[in-house]
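User: I should like to learn how to read a helix and its aromatic neighbours in a model. Please give the general idea before each case.

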Amino acid sequence: MSIEENKLKKFQEICEDMATKADSNLEQEINTKISDEISSKLKSYSEKLNAKLKKQEDNLKKNFNKKISEIELNCKKEILQEKLKEQKEIYEETVKKLREYVNTDEYKILLNSIVEKNLNTIASSKCILVRKSDRDKIENKCNCEIKDLEDSYIGGVIIQYDNVIIDCTFLTALCILDK
C-alpha cells in the first residue's frame, strides 16, 4: 500500500469514526428529545387527568352530600309527620276521655271545688261561665250570674270579675299542654 492509500484509508477511518460518533450523538440527541417530549406530554396528560379526576371526585362528593341532605330532610319530615300524627291521636284520645269524664260524679265534685275555691277569693261582682250541660252540676252557693259556655271547652269553668278572668276549662289546659 502506498502512502497515499494509507492516508486515504486513515482519512476514511477518521471519517467513519466521526460519522459513527456523530450518528451516536445524533441518535442520543434524538432519543433525549423524544424522551423529553414524551415525558412532557405524559406529565401534561397526567396533570389533565388528575384535574379531571379531582373535578369528578368533587362532583361525586357534592352529589353524595346533597343526597345525604335530602335523605336527612325527608327523614326529619317523616319524623315530624309521625310526631304530629301521634300528638293529634293523643289529643283526640284525651278529648274523648275528658268528654266521658264530664259525665261522672268525680267531675261534679271537681267543678264545684273549682267554683268554691275561686269564688271565696273574688270580690262580689262575679260571673261564671259553664257549659249548658254543666249548669245542673254547680251548687251555686253564692250570688252570681251563670252564663253559657261553648261545648268546645269540653268542661270546667271560667270565672270573671272586673277585668280578671280565671280560666279553668279543659280546653285551655289542653292548649297549654299542647304547646
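User: What span should the 15 residues of α2 have?

Analyst: The expected span of a helix is 1.5 Å times one less than its number of residues. For α2 this gives 21 Å, and its end C-alpha atoms are 21 Å apart, which agrees. Helices (H or I, at least four residues) and strands (E, at least two) are DSSP runs, numbered from the N terminus. The model is predicted: local features need pLDDT of at least 70, side-chain atom pairs pLDDT 80 or more, while totals for chains, interfaces and linings use all residues. Residues are numbered from 1 along each chain as its sequence is written, and side-chain values use heavy atoms, without hydrogens and water.

User: Which residues of α2 are buried?

Analyst: Buried means under 20% relative accessible area, exposed over 50%, and partly exposed in between (1.4 Å probe, protein chains only). In α2 the buried residues are Y107, L111, N112, I114, V115, N118 and L119. They line one face of the helix, because they fall within an arc of 155° seen down its axis, the arc being that of the directions from the helix axis to the C-beta atoms. The face turned away carries exposed D105, E106, I109 and K117.

User: Which rings form a cluster?

Analyst: Rings of Phe, Tyr and Trp (its six-membered ring) pair if their centres lie within 6.5 Å; planes under 30 degrees apart count as stacked, over 60 as edge-to-face and the rest as tilted. Ring pairs join Y101, Y107 and F170 into a cluster. Both Y107 and F170 are buried, whereas Y101 is partly exposed at 24%.
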